[in-house]
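Welcome! Open your viewer, get your selection tool ready, and follow along stop by stop.

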Amino acid sequence: MINVVLPCLDEAVALPWVLDRMPDGYRPIVVDNGSADGSAGIAESHGAQVVHEPRRGFGAACHAGLLAATTEVVCFMDADASLDPRELPALVAALSTADLVLGRRRPTERGAWPVHARLGNAVLATSLNRRTRGPRLHDLGPMRAVRRRELLDLGLTDRRFGYPLEMVLRAARSGWNIAEIEVAYLPRRGRSKVTGTVRGTVRAVRDMRKVLAT
């Protein structure tokens, strides 16, 4: 069994598709971060474990899910249907030769990955590569696989949008082997709250830059 952490804020439209496509042996943990659209109830009705994290923040939700997980390997992915859970086994398989596996997003349609979000991601990836040694990374993708105990030992502290970057940065500085695997990136379902909006992208980049400055 492998736990899959899905941070969630008002994803009632997307959750059924995501949870229904979860592969056998993958147990979803939906971390509700204050949804007002019934996301928690929908998640429970589709067989997911639901964890409530009242402190707002992407990192807070991710970390609450990590603490709730009990399996040796844990996966993370967005709950907005922009990523297909059926690609998770490929990432987990890559852990045989890596310590952290990132899904490098490949847009399937125009508009799936807005230009402003793609540029923000590229800038952050470039800044990260300048600060670390090892293979050049192209994407700070939200789909990833990692061993739970080792991730906890990294001692991540960011609880906002800097959490994913801090994970990669601390892993690289600790000498982890980090791998990338291409995954399809689909148009999200429902209203975007982060990278689908310029304001959300700016906020995420700002939080990540704070992590890079540490």
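Two strands pair if DSSP finds at least two bridges between them. Helices (H or I, at least four residues) and strands (E, at least two) are DSSP runs, numbered from the N terminus. You are looking at a predicted model, in which local features need pLDDT of at least 70 and side-chain atom pairs count only at pLDDT 80 or more, while totals for chains, interfaces and linings use all residues. Residues are numbered from 1 along each chain as its sequence is written, and side-chain values use heavy atoms, with hydrogens and water left out.

**Stop 1: strand E4**

E1 and E4 run parallel, joined by 3 bridges. Now turn to E6 (residues 144–147), which is antiparallel to E4 and joined to it by 4 bridges. There, Val 146 stands opposite Val 74.

Which way do the residues of E4 point? Val 73 and Cys 75 point one way, Val 74 and Phe 76 the other, and all are buried (under 20% relative accessible area; exposed is over 50% and partly exposed in between, with a 1.4 Å probe and protein chains only). In a regular strand, side chains alternate between the two faces of the sheet.

**Stop 2: the whole sheet**

Select the strands together. They form an open sheet of 7 strands with mixed pairing, in the order E3-E2-E1-E4-E6-E5-E7. E3 and E7 (178–185) are the edge strands, each pairing on one side only. From one strand to the next, the twist averages 25° (axes are lines fitted to C-alpha atoms, for helices over the stretch in contact, and angles run from 0 to 180 degrees between N-to-C directions). Over at E5 (residues 100–107), 8 bridges pair this strand with E7 in the parallel sense.

**Stop 3**

Select H3 next. This helix packs on the sheet, touching E1, E2, E3 and E4 (contact means heavy atoms within 4.5 Å), and its direction makes about 155° with that of E1. H3 (residues 58–68) is largely enclosed by the rest of the structure because 8 of its 11 residues are buried. Among them are Cys 62 and His 63. Then find H7, lying across E4, E5, E6 and E7 at about 130° to E5.

**Stop 4: Ser 39**

Finally, select Ser 39 in helix H2 (residues 39–45). Is Ser 39 buried or exposed? Ser 39 is buried, with a relative accessible area of 0%.
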